[in-house]
Amino acid sequence: MAVEDGRAREVTASINKQARDEGTPIAVRHVCRACAERMRAVGVVQYVVSDLGQGEPVYATDLAAEQIAELQVTLGEGPAVDTLTEERPMIAVDLTMPSPWPMFAQAAVEAGVRAVFAFPLQMGSIAVGVLEIYRTVPGDFTTVEYRDALLYSDAAMSLLLEHVGDVPSSAEHNLFAGGFGSRWDLVHQATGVISVQLRSGLSEAFLRLRGHAFLTGRGLADIAEDVIEGRLRFDAEDC
């Protein structure tokens, strides 16, 4: 028990240091950055479940991780996607080996990622988010690393429980500040616009947006901006 308590204190201290160095309250980015540093990760991403039931990335520690996370949402496949669906960790210790996520694996390897570890953020028995860790070398976590990853996941979940509510607040904004925020606001707005254009529900509208991003090889936020600016329109007769 003393060993476990010691690990928890070290994880908490690493998160507090990130916030203290920045001079701001503890936020998701501090958990992700501390996790990346301690776990020798090339990138860490946190997702939360959106109103549409989709996993939505809210913070990534670097541009490569951000692009891989957005790709998962676009493809609808990957460790984070399955973690939310099955509500259990998803581990890929070598993405060059046969994978249940072939398109994701290929893109991740091209971006320099060889191993992925995705852990559910559990609210009771329901996964409401994911903490996903990327490494550049293949191989599994040690037992101690698994424990630390779970501790970082618990810290991220605690922040969600404490600050995220039904009504957006300044605390919620600060929690995710510096992440995907404004880009995913575009995706939400565009989904609403497409819903009107197609006279459909939001879920169908989002699937059409995601499908267009996949077919064109462009980011969701880039397609969303085209929709909002009127450069791209979705017609019901094309369904």
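Reader: How many salt bridges does the count come to?

Author: The model is a predicted one, and the count comes to 14 salt bridges.

Reader: What makes the contact of Glu10 with Arg38 a salt bridge?

Author: The criterion is a side-chain nitrogen of Lys or Arg within 4 Å of a carboxyl oxygen of Asp or Glu. For Glu10 and Arg38 the N to O distance is 2.4 Å, so the pair meets the criterion.

Reader: Why are Glu10 and Arg38 called partly exposed?

Author: Partly exposed is the class between buried, under 20% relative accessible area, and exposed, over 50%. Glu10 has 38% and Arg38 has 28%; both values therefore fall in between.

Reader: With which residue does Glu145 form a salt bridge whose closest N and O atoms are 2.8 Å apart?

Author: That partner is Arg40. Glu145 lies in helix α6 and Arg40 in the loop between α2 and β1, so this pair ties together parts that are 105 residues apart in sequence. The side chain of Glu145 also meets that of Arg135 in a salt bridge, at 2.7 Å from N to O. Arg135 lies in strand β5, so here the parts tied together are 10 residues apart in sequence.

Reader: How do you know whether Glu145, Arg40 and Arg135 are buried or exposed?

Author: Their relative accessible areas decide the matter. Glu145, with 12%, is under the 20% limit and therefore buried. Arg135, with 5%, is buried because its value is also under that limit. Arg40, at 57%, is over 50% and so counts as exposed.

Reader: Why is Asp226 called buried?

Author: Its relative accessibility is 12%, which is under 20%, so Asp226 counts as buried. Asp226 is found in helix α10, residues 220-228. Leaving aside residues up to four places away in sequence, Asp226 touches Arg218, Arg231 and Leu232.

Reader: How do you know that the buried residues of helix α4 line one face?

Author: In α4, residues 79-86, the buried residues are Pro79, Ala80, Thr83 and Leu84. Seen down the helix axis, they fall within an arc of 135°, so they line one face. An α-helix has 3.6 residues a turn, so residues three or four places apart point the same way. Just after α4, Glu87 takes a positive phi of about 55°.

Reader: Which residues touch the most other members of the largest nonpolar core?

Author: That core has 27 residues, and those touching the most other members are Cys35, Val44, Leu131, Ile133, Phe141 and Tyr152. The elements that give two or more residues to this core include α1, α2, β1 and β5. Apart from it lies another core, of 22 residues, among them Ala65, Ala69, Phe104 and Val113.

Reader: What makes Leu215 exposed?

Author: Leu215 has a relative accessible area of 72%, which is over 50%, so it is classed as exposed. Leu215 is placed in helix α9, residues 202-216. Together with Met103 and Phe214, Leu215 forms a nonpolar patch on the surface, with about 330 Å² of accessible area in total.

Methods:
Residues are numbered from 1 along each chain as its sequence is written. This is a predicted model: local features need pLDDT of at least 70, side-chain atom pairs count only at pLDDT 80 or more; totals for chains, interfaces and linings use all residues. Side-chain values use heavy atoms; hydrogens and water are left out. Patches are made of residues with over 30% relative accessible area and no salt bridge: like charges are joined within 9 Å, nonpolar side chains (Val, Leu, Ile, Met, Phe, Trp, Tyr) within 5 Å. Accessible areas come from the Shrake-Rupley method with a 1.4 Å probe; for residues, only the protein chains shown count as cover. Helices (H or I, at least four residues) and strands (E, at least two) are DSSP runs, numbered from the N terminus. Buried means under 20% relative accessible area, exposed over 50%, partly exposed in between (1.4 Å probe, protein chains only). The arc is that of the directions from the helix axis to the C-beta atoms. A nonpolar core is a set of buried Ala, Val, Leu, Ile, Met, Phe, Trp, Tyr and Cys residues joined through side-chain atoms within 4.5 Å. Contact means heavy atoms within 4.5 Å.
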